[in-house]
Amino acid sequence: MKYLPTLLAAAAALSASFFATAPQAADDPSPAVYAEALKGKRIVLVPMAMGFDLAQGWTAILQREVDAFGGILETRDPNWSVEAGAQAITEVISSETKPDVLIIMSFDLNSYSKLMKRAQAEGIYVVLIDNPANFKPDAYVGSDWTQLGRLEAEAVVKGCGPNSSKKIGLVQGDQVNATSLYQYAGIMDVLAKYPDFQVVAKPDSNWDATTSRNVTTTMLQQNPDICGIIDFWDGDATGAAAAIRDAGKQDQVFLVTTGGGEKAADCDRIADGTYGAVVMTDLAQETHNMVAIIKYLLQSGQAPGTSSPFIYTLLKATTKENLRPDSCWDLKALQADVAAK
Amino acid sequence: MQGGVPGNDMKSWLNWKEMNQERIVLLIAILIFIVASFTLPGFFTPDNIVAIVRSVSVLGILALGMAIVVIGRGIDLSAVAIMAMSVAWYLQLLNDGMADGAAFLLVISGVLAIGLLNGFLVAYAEVPAIFVTLASGSFVFGYVRSQLIAQDAVPVPLGHWMQLFGGVRYFDIPVEVFIFAALAFLIFLFLRYTKWGRYVYFAGDNPVSARNAGMPVRPMLVLRYVISALIAFIAGLLTAASLHSINTRVVNSTLLYDIVLVAVIGGIGLSGGKGGVRNVLFGAALIGIMLNAMTIIDIPLIYQSLIKSSILLAAIIIDGFLNPRDEQTAQQGDI
């Protein structure tokens with residue numbers, strides 16, 4: 001203990017010198033630059049609809065972050081209608097208070113392309129999220145859907161196992177949405193490596209659960225020995241799951257799908273055995289990527305359309321084996337969290 | 001009235017001159033069924049036939065409700081909104097912890113209220129049905145979606161009776177097939193053997209003379225919209241029971257057009273006064289058989305829509321050739 005006085009003295013000297021320099025640290029010009037670039041900036045989010053887990057998750061996190069830098073976040077709800085979405089974007093672009101950044105989730109490869117170009121011409125940064133499009137945005141933030149398809153295929157091959165019938169069914173979304181087309185390409189890419197695995201049917205659900213149920217019922221009757229099914233979205237995979245349940249084949253058919261990792265939609269269904277595996281996007285990370293890109297763009301001084309990076313979100317196939325309490329995010333908790341602030 | 005009278009003698013059924021849309025549709029359905037049975041492996045099996053009937057059960061149930069309204073010279077464009085939103089609200093109440101009985105009572109009162117509102121506006125305020133129900137459908141969707149539920153898709157709570165109900169089978173046949181059959185039979189009895197059921201045809205054929213003859217035309221109109229709303233609620237419950245959730249996105253889908261299509265393609269004229277349960281069954285059979293066969297062949301959805309619409313168009317064109325419209329057959333209000 002004899003060093004104690006010395007230590008105290010040293011600490012005192014240190015803190016004295018620290019506080020002496022403190023006024024200089026407060027002169028860091030960066031926060032002022034940051035605030036000037038971001039404060040009062042208008043961010044408008046136009047997803048395909050506001051009523052589903054991804055959009056609600058994005059909004060909750062964006063709200064928190066945009067509030068923190070003093071910006072304004074607005075959302076538009078096209079409610080699954082391309083026309084309503086196009087109208088919302090047109091209205092936003094030509095409004096008096098133009099946004100500084102438009103975050104758009106496109107319906108398909110082409111519908112919004114012209115509008116988004118117009119937005120950039122008007123000096124608005126366009127961040128494309130989740131659904132790719134034929135257009136060079138200021139950043140694409142979302143999944144690499146081909147890779148997502150590959151992970152689904154790997155999961156179904158593993159779920160079926162080497163001693164199964166090796167017959168797989170696909171329930172695609174449609175033939176225009178990039179997420180559906182690229183997923184299919186990714187799946188086929190992997191299955192080429194497993195020539196003994198065979199796709200026996202590949203109907204479309206048109207993203208509708210009842211249609212998914214009906215086509216899966218037919219698929220299972222035509223090929224009673226199917227060992228695995230990939231449904232292209234957890235929004236309609238409840239239908240494929242119902243068909244499997246109705247056929248009493250829960251133990252035989254390994255159902256793989258993809259989703260935004262919301263607890264009630266994905267993790268609860270993995271836990272109760274409805275889904276064998278779900279390839280999930282890490283929603284929180286994806287949204288924080290959007291935030292980082294927004295902060296970068298607003299400070300970059302570059303003209304909209306200058307660069308077009310792809311910021312892919314980490315994808316992971318979650319199964320019962322690697323399911324953890326924090327594998328999913330809880331929409332209710334997140335919304336309650338934002339509401340409390 | 002002509003199409004609504006069952007008991008046509010069977011001899012005239014296949015007479016070329018007597019062909020009408022209903023028979024053309026039935027013949028096309030049978031034709032596709034026979035061809036598919038011979039050419040498609042696994043088509044003509046008990047399981048697949050059950051699957052066909054089941055795939056059109058909910059559609060058929062909704063078309064029954066639509067049929068009652070259309071025969072009475074009306075149309076109910078709020079059916080799909082009522083179906084999805086009533087059940088979504090019910091499930092949301094359950095998920096929020098409300099007692100089952102109370103939630104059910106609340107929701108069914110809401111359904112009755114919308115049916116009554118539709119009926120009242122059409123019958124007493126005399127607003128055209130197409131506008132009333134278009135508006136009330138949008139209102140139901142908008143109000144429930146924005147005020148009463150949290151998300152597009154609402155899951156059935158774990159262990160709720162609907163989960164078990166959706167899995168009920170008799171002789172390996174899903175429960176909704178029996179409910180479709182029972183409702184079809186009940187509505188057949190209503191239209192055929194009850195006084196108010198018969199009045200539906202008179203009111204649909206000529207509302208003014210029906211009223212002059214002393215029929216309670218307006219209260220009957222209200223009743224039809226209430227029945228249609230209740231049937232939509234049943235269809236919604238069955239959908240949720242099978243899928244263990246209800247997705248309100250269905251309101252934006254083409255389901256509403258499919259319902260009108262099933263009723264109209266089967267031969268229920270939009271001008272009212274014609275048709276019956278049989279027409280709905282034929283229309284549903286054609287749609288079910290076509291979709292099933294195309295799924296077995298693995299035809300992509302866009303081509304399925306094209307083939308479906310071509311066949312339906314063909315049926316209408318053949319009908320147009322065989323039964324040309326003129327001053328005698330055309331009615332006021334014909335759409």
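Predicted model: local features only at pLDDT ≥ 70, side-chain atom pairs only at ≥ 80, totals over all residues.
1. How do the two domains touch? In chain A, 14 residues of domain 1 are in contact with 14 residues of domain 2. On the domain 1 side, α3 (53–68) and α11 (283–300) of chain A each supply at least two residues. The biggest giver on that side is α3(A), with three residues. By class, the domain 1 side has six nonpolar, four polar and four charged residues.

2. Now for chain A as a whole. Its C-alpha atoms fill a box of roughly 80 × 65 × 40 Å along the principal axes. You'll find twelve helices and twelve strands in chain A. Of its 341 residues, 50% count as buried. Among contacts in chain A between residues at least 6 apart in sequence, 75% join residues at least 24 apart.

3. Next, have a look at the open sheet of chain A, where six strands line up in the order β2-β1-β3-β4-β5-β11 with parallel pairing. At the edges stand β2 (72–75) and β11 (310–312) of chain A; each has a single partner strand, so one side of each is left without a neighbour in the sheet. Direction ignored, neighbouring strands here are turned by 20 degrees against each other on average.

4. Strand β4 (residues 125–129) of chain A deserves a point of its own. Five of its five residues are buried, so the strand is largely enclosed by the rest of the structure. Which way do its side chains go? A:Y125, A:V127 and A:I129 point one way from β4(A), A:V126 and A:L128 point the other way, and all are buried.

5. What sits beside β4(A)? One partner is β3 (residues 101–104) of chain A, which runs parallel to β4(A) and is joined to it by four bridges.

6. Together, β3(A), helix α5 (residues 113–121) of chain A and β4(A) make a right-handed β-α-β unit. Helix α4 (residues 82–94) of chain A lies across β1 (42–46) and β3 of chain A, and runs at about 170 degrees to β1(A).

7. Last, the contact between the chains, which takes 30 residues from chain A and 28 residues from chain B. Several elements of chain B each supply at least two residues to the side that touches chain A, among them β1 (153–155), α11 (217–243) and α14 (301–322). Which element of chain B gives the most to that side? It is α2(B), with four residues. The residues on the chain B side divide into ten nonpolar, 13 polar and five charged.

Note on methods:
Residues numbered from 1 in each chain as written. Chains lettered and ligands numbered in written order. Buried ≥ 20, exposed ≤ 12 C-beta atoms within 10 Å, placed from the backbone. Pairing = 2+ DSSP bridges. Right-handed = clockwise from strand over helix to strand, strands pointing away. Contact = placed C-beta atoms within 7 Å. Nonpolar A, V, L, I, M, F, W, Y, C, P; charged D, E, K, R; others polar. Axes fitted to C-alpha atoms, helices over the stretch in contact; angles between N-to-C directions.
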